[in-house]
Every structure is written in C-alpha cells, then in structure tokens.
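The sequence and structure are shown first.

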Amino acid sequence: MTKVVDAAPARPNQPAGGLMGILARCAVLALVFMILGVPVTDVWRFLLLTVAVMALCFGGVRFEGRRWVVALASVVAVAALNWLLPSPHIEEGHNVYIPVGTSLDVFNTELPPDAQRKMQQIFDESYINDPKNLPGSPDWWKSPVFAQQPSRFVDHAFSTSSDALWQQPKYSRTADAIDFTSQEQARIGAINRIAYNFYRRSDKKNHQSASGFATDARIDRSSMPFFVMLELNGALAGGEICWRGQTLWEEPDGQFSLVDHADRACRAITEQDQGKRVFALAIAPDKPLSFTVYPNLPHRATLWAKIAARVLGVFIVLAALVRIETISQLLLPIGAVVSTLLTILIISPDFLLGFHTYLGGNDGLTHESLGFSISQALALGHFKEAFRGGENVFYFMPGLRYLKAIEDMLFGDTNFGMILCTGFIPIFLYFIISRLFPLRWSVCLILIFMFIPIFERFGFAQFLYAREMIKGFPEPVGYGAFLGALALIAWSVPMPNAAPPRSPMPSGWIGLALALSVAMRPNLAVAAALLLVMVGAWLLLERRWKEFVVLGLGFSPILLIALHNLYFGGKFVLLTSSALISATFITPPSVYLSAFGQLLHLNFGGEGLALVRRHLNNWNHLADFYRLIALFAALWVMLARTYPLPLRGLAAVALSMQVVLLFYLPTGRYAYLAWLLVFLVFLVAFREGFLPWLSQSYPGSLRRLARLPGLRQMGGVLGSSRWSHAHQLSQVTPPMGFITGLKTVCRPLVSPLGQVLQLFPRGSRVFDVDCGSGGLLHLALNDAGVSHAAGYDVSSKAVGAAQTLPWRSERLHVVHRMPGEGVPDLSGADYVTLCDVLHHVPPEAKASFLKDITEKMRPGAVLVLVDIDASRRGGSWMNQLHDLIVSQEWVVPVAAHVARSMLQQAGMVIREESFVRSLWYPHYLILAEKPSVPSATPAKPLAPMSAAPG
C-alpha cells in the first residue's frame, strides 16, 4: 500500500499534516525547481510551476520510497539531457541608455567606440538636438533639478540582471533565446531602478508622464531608451536574426554598420559572424524595435527536446509523489489561476509576458528597486546590507522589498512571484466564505468575486487586487496573507451549521500570516492585534497552552522590523516612519476634537470641521450610501448576542479596519479589505435575518426576485440539485483518472440529470443505455433510492470507470458491449434512460436504434429520452462544438418533434414532453411508455451483478 502524508480532502476541514507534510511538500517543490531550472523566466515554465504549487497545496504527498526513487530518477534524467544536449547560450548585454554626465564616461569606456558613437548620435538627435523635443537648454542634465537626482545612472555599460543571480555571464545574462517586441518583453531590469524614477504630476486621473530632471528632454518611462547586445557564437551559425527598427552589426574591421528597417527583415548568421556583436537599439522614440534570434534547426530541435523533457519530468514527479483525492479539489485552484491570469491579460498582458515597467513616482518602482538591491547583496554575501533593505529606518512598506528579492532569485526579471501570490486570494476567500454560507452560496459568491465584478465598491472583485499588483503595490500580498490567516482560523473554530473544526489549530501559521500581512501593509496592525487577542483568549479558555505559545511565536517575526530600525537607524520605530506623516495620517484625533469643539460652538465654517467633512466624504462618498447599510449591519452583528461568537469577532475585525480608515488614507487600495469583510458580515446578516423575515412577510416577493434575468440562469447552474450532484460525483471519481473523472463531475451541469432522477420512484429498477462512467446510476442509487441500477457502454474504459463506483455488486451492474452486439435485454427494468446519447448515433441509424431499445423493454416500462434539441440552433451548435472538442466527433442532434415521431413509430406512447436548458445546452425530455399487453411471463430481474471493487 502507498503511504500518503497529509492527503488533502475535498473539504478543507482536516489536519494540515504537521511538520512532516510541510517538509514533504517543500521537497517535492524543490524537485520541480530542479527540473525547471532557476530562475523560472518563461511563461510555460511558470505555468508548470503553478500547476505543481496548486497540486501540492490541494493534494497529499505520497511517502513511499519507490516513488521518490522514480521522482529523483526523472530529475537526474532531465539534468543529464540538459547537459548532453548543447544549447546556443547567447551572451546578452543590455542597459538603459542615457549618455549624460558621468554615465557618458562609463559608456565611452566600456562600449565599442564606433557603436557608442553611433548610439550617442541617435540619442542626441532624439533628445538633445531636436528643438521639438527640447524646449530648454541642451545641458539639461546640469540643471538644479537634475542635481537632486543621482548624477550617475550606471556603474557599468551593461546592467546587472536578476536572471544572472545563478549564472556567471560575460555581460548581463546568458539566454537560450532572445525574442521581444516591446520594452516589457525585452525584460531590461535596470528600467525599474530608482535612478530612472521619471515622472511629472498631472491633473489627469491615473495619468503620469515624464518628469523631474528629464522633463526638458521628455524621456518617458513607457519608451525608455535602451539597447540589447548579443555576441554571436558558432552554435548560432545557420540561424537568422529578424528585426524591425535600428540595429548595429559589427564588421570584420571592428566597425559597426547601422541597419534600419521600418518593416520586419531577416539576416542569416554565418560562420564568419562568430564572435561578432549585434546591438538592437530602442533609443529613438519614433523607431519601435522588435528583435528575434532564430537558432539553426538542430538547436531549435534541442530546445524543444529540453522543453518536452522538463514538462514530462514535472508531470512524472507530480504523478509519482502527489495524490489528488477528488476532482473537486482542483476546481477552486483552477478557477483562481484562470481568474488571475485572465484579469492580467485584460489589464496589462506584458505583466505576464515580460517585465512590467512601473509608473514613475509610484511606490511600485521603489519596492522593485529595493528588492533588486537586496538580492544582489545576498548574491555577493553581504548579508548585513541585505537585511538593511536599502533604508536605515523603514519609510516605505517594510515587507514587500524582501518578497521582491525572493522573486528575483526564483523568477529573475519577471513578475511571476507576485502573480503566484495574488492567485491565492480567491482560494483563501473561498475557505472563509464556505464556513459562513452553504455550498451553493459559497460557489456563487466566489464566482462573482473572480469573474463578475458587480460588488467592486465593496472590494469584492479579483480584478481590484490584480490591478494593484500590476502597479507594484503591497496590498495584494498583505491582504492575501490576512485572508489566509482568517481562513485558517475559520476552519479551526466551531461554527453553527458547519463541518467540525480542524484540530489542532495551525496557530503558528496563523501568527506568521498575520505578521506577513502587517509587514506588507502596516495599517492592518490594529486588526491583526485584535484578531490575535481574540484567538489567544479562546485558546486560553480552551486550555490549549501549546497552541497559544505557538501563535505568539508565529507572530514574533514582526519584531524584526523594530529591531531593524533600532539597529541601523538608532531609533525605536515599531513599523514604519511614514505612519505619522501628514501624507498618510491625514486626519489625526486632534482634528476630530477640534471639529467637535466647533460643532459645540455652532461654528460650521471651522477648518477642523471642514477637514473632517472632507475626510468622511473620501471615506464613503454620498454615491456609496449603500455601504453604510452594510456597515451598520456589521455593527449590529457585533453587538447582537444572537449571532455566533466567531461571526461577531469577524465583524469586530472589519469594524476595526474601518476605524483606522477614519484617520488614515481611506480610499482605493487602502480600504479594499475593510469593505470586503464588512460585505461578508452583511451578507450573513442578510441571509440569516432579512431573507427569513422577507419570506414570511412577503413570500411573493422572493418568487418574483428569483425570476429576474441573471438570477434565474445562475440558479439553473447553482440552484436545484446540479451543483450538489456534481459535488457528490466528485467524491467517487478519484479512481477514474483525471479526464474521465472531470467529465463525470461536469455532466450534471450540462445535462438535466436532476430532472431525470425525480422521475424514479423509490425501489424502482433503472437501466441506463450507454451509461458512460456511471454517473447517473450512482446518483440514482444515492439520491433517488432505486433498488437496482444497471447499464452498458461501448467504451471499455468508461465501463471500467463505472465499475469503481462504491456500490455492492447486487445493486449495480455495468457491462461492456461491442457496437455490433446491440442493446441487451431490458425486460427487468422499470425505467430505461437514454441521456445525451441519441445525437451520437448516425442519422440513418437513429430510428432503428430506438426501435431496438423499445423491443427489448417489457410492457409498461418507461423510456426516458433526454437529448439536444436541434430546433434551438444556437445551443445545438454549441453542443456540436463541445463534442467535437471533448469526443473528437461531429454529432448530429434531431429536433424534439423528430424524436417524438421516431418513438411513436416504434410503438411507444408519449406520456410527457418538456424542455430543459442546462447552461447553454437546450434539452428535450420525453417520457414514453411501452403499452401493456397480456403476458404470462413475469418480469425478469436485472442481470446478476458482477463483483465491483468497493
């Protein structure tokens, strides 16, 4: 038997597995990184890593020695293949190019003279000599404004890249491929350094342009001047370089020729080019650059072979060491990843495909630059400087710079680390919601959060957090960590009408998550402290001393911030020196006291009262009056003894965040989490208080509400029994394999199985024609209470999957029949079902197929025919497309009246006919009874059941 450590269940209410499970997960993740290589800078490698991370978080780790040997062997095999197969290994050098001041001396010294001369000429023509671009002096870098900025942009002609932290490059980094069509895709990390923090304040909302000392030269951060140089080697011979824009090619005499192509052009790489250098120039703002190096065919095949080996290696490791118990475990992480990536691609595609250029003047650029400095200090062994983090006393948010340094080490000059962290926000939020609401509400709410931003003003929309991530702000990570702590608490304390809590409480992780949230966003300190006090008090009352101590130890790393400030700055600053500056602490208590005094003296024009009025308007504008309703509902929940104590505690945490907003910046990203928690508490009060009162007082109102467009369709998916049926099937599908199990779980959502199940009386006998993996049969036994269930299918794989269903052999019998064998004897069945099968039958054989079924039925038995209605053209076409993708088959459905006619020709009596829409699939449901005839032959029992694994 395979031993599984920390096998995660379908519901997150089981123990986390302790230290052994955590170490096992870390070991598996290390193997994945060894296969993918560090840093992970390609989108395809990042997606593989994301799959591995989600599988480790939601699955269990196998602990059988032979499986670890297989996983280690795959790692060694991939490493050996990478060593044996040569790669082009292109030496790349790049940098931002602003040749002024002392930086000009660096470029003149370290770049090839002729190349530097031509590049500087292009720069001067673009930014110095052109009167259209220069309204001021040609010596703009000597102006007083410039003197306030760093006088040296560069220390070396080629900037250091985070990609090279694990390399020893000749210039900036070593790459296997060079391909970019934009500034972001070129991944010039130096662009996001503090030295290039150009911006100019604008009156336009969300708009920033070139500024500061570069205003006169009009250097815009969205089109920074830069160059990419590569040194050609013999491995590239036979390939070609294609580009659009300006390039410099080194000639045999060491001189460089400028080649400018307005349209894309290509040039072959020959043996004579070995050792020569090529500069791709993005200096002139009116000369857009795209540049691609195509290796020769053998090296391209090598690169594809390495990609295939890495993909196969990762899946071997995951298949050997990770076990997914149920398909439902994957639905939430898949939704979270899809939501996050889709939002990024809509807002800023290059954030995923390249290295995002942060806005000048925004803190995102500062965090990125500080993180780079930390990672470089670590690479050089300067641990003290790395811990200093670029500031003696923290002014900017303390934590994000260190997370950025980790991102640099693991992902190089990309944004993958932040994307991965932000993708966990919907997951943590769902775990909280699922403890407060039943399954249908929970699924509906998390789908709204991820894909339907109708509650944006409550911070209840994934795109808000993705947008702040793209700007480089710490809120997504800080809020995600806080929600993670809340999720662990929610699944560790008893809640009414919810599953039993997990035990013991992972108090160390709760404390650590809260510490991380405060380090990322110090304005969460009050809420985090309140949460710690409440959890700690509960643990003390429960006499869980060990968990209480571990909770404090988990939160203790927050003290490192104060220790840092004391050690490097000689000042005791608890979190950040920006906590009490007027730019953030905009309405201190003294202002409220002044306003109160002015009110007492009826001085309505006082300055203090005006400041408070302005602050409250920013906190909640008159147009957002409905948020006050939710706020008062949260206050009511906190004070009312009728609500459970954990919910009242959540309301208190939400209100504590609102109190902080009354003194600090109350808008935008600073307030998202505060309003989100208020919204959750309001929804609980709405569901448990208002809806029962409304249903008793005005029952017709709810029925009219349920008929509203949108709610009716959503209810069709999540209401009735469809989602619960899918959830039931997810519990029994793990032995089926991923694809078969996924099809089984999704079938109740796309086919009206719920309506079919309502037709079966308890104790009846059911036979399902072409039963597939037996989903309908399982639900009939489990929900409808039928006495016997049987079926057949022409796919041996589907029958094998159906035989894994957990029913005793005398109640479930599924057999495999070849297509030529026809329909088996159906005389022992009271109901024969044909669900979404008829459209797979060829048109010329449909009538004979139905006739064969009816002839095998006993008199008085009922045929339940469910299929796609071809008269509904749009939905019918969607089903044909669906089957073409899933089954690789172009199906031919028929209209309801055609199916009815074929049944009548087969001698059946139509008892009932109805139309049912499942998602966008239009179904007809026909009940046809075989007329009774005098017969002395008793009804035969269903075929004897073969043994099925339990």
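## Strand pairing and the disulfide

Strand β6 is joined to strand β9 (residues 277-282) by six bridges, and the two run antiparallel. Strands here are DSSP runs of E of at least two residues, helices are runs of H or I of at least four residues, and both are numbered from the N terminus. Strands count as paired if DSSP finds at least two bridges between them. The model is predicted: local features need pLDDT of at least 70 and side-chain atom pairs count only at pLDDT 80 or more, whereas totals for chains, interfaces and linings use all residues. Residues are numbered from 1 along each chain as its sequence is written, and side-chain values use heavy atoms, with hydrogens and water left out.

Six of the six residues of β6 (residues 226-231) are buried, where buried means under 20% relative accessible area, exposed over 50% and partly exposed in between (1.4 Å probe, protein chains only). Phe226, Val228 and Leu230 cover one side, while Phe227, Met229 and Glu231 lie on the other.

One disulfide is counted, the criterion being a pair of cysteine sulfur atoms within 2.5 Å. Cys242 and Cys266 form this link, with their sulfur atoms 1.9 Å apart. Cys242 lies in strand β7 (residues 240-250) and Cys266 in strand β8 (residues 256-268), so the pair ties together parts that are 24 residues apart in sequence. The link is right-handed, with 105° about the S-S bond.

| Cysteine | Relative accessible area | Class |
|---|---|---|
| Cys242 | 3% | buried |
| Cys266 | 45% | partly exposed |
| Cys421 | 30% | partly exposed |
| Cys771 | 1% | buried |

An open sheet of seven strands has the order β14-β13-β12-β15-β16-β18-β17, with mixed pairing. Strands β14 (812-816) and β17 (909-918) stand at the edges with a single partner strand each, so one side of each is left without a neighbour in the sheet. Strand β17 pairs with strand β18 (residues 921-929) in the antiparallel sense over nine bridges. In this pairing, Arg917 has Pro922 in β18 as its bridge partner.
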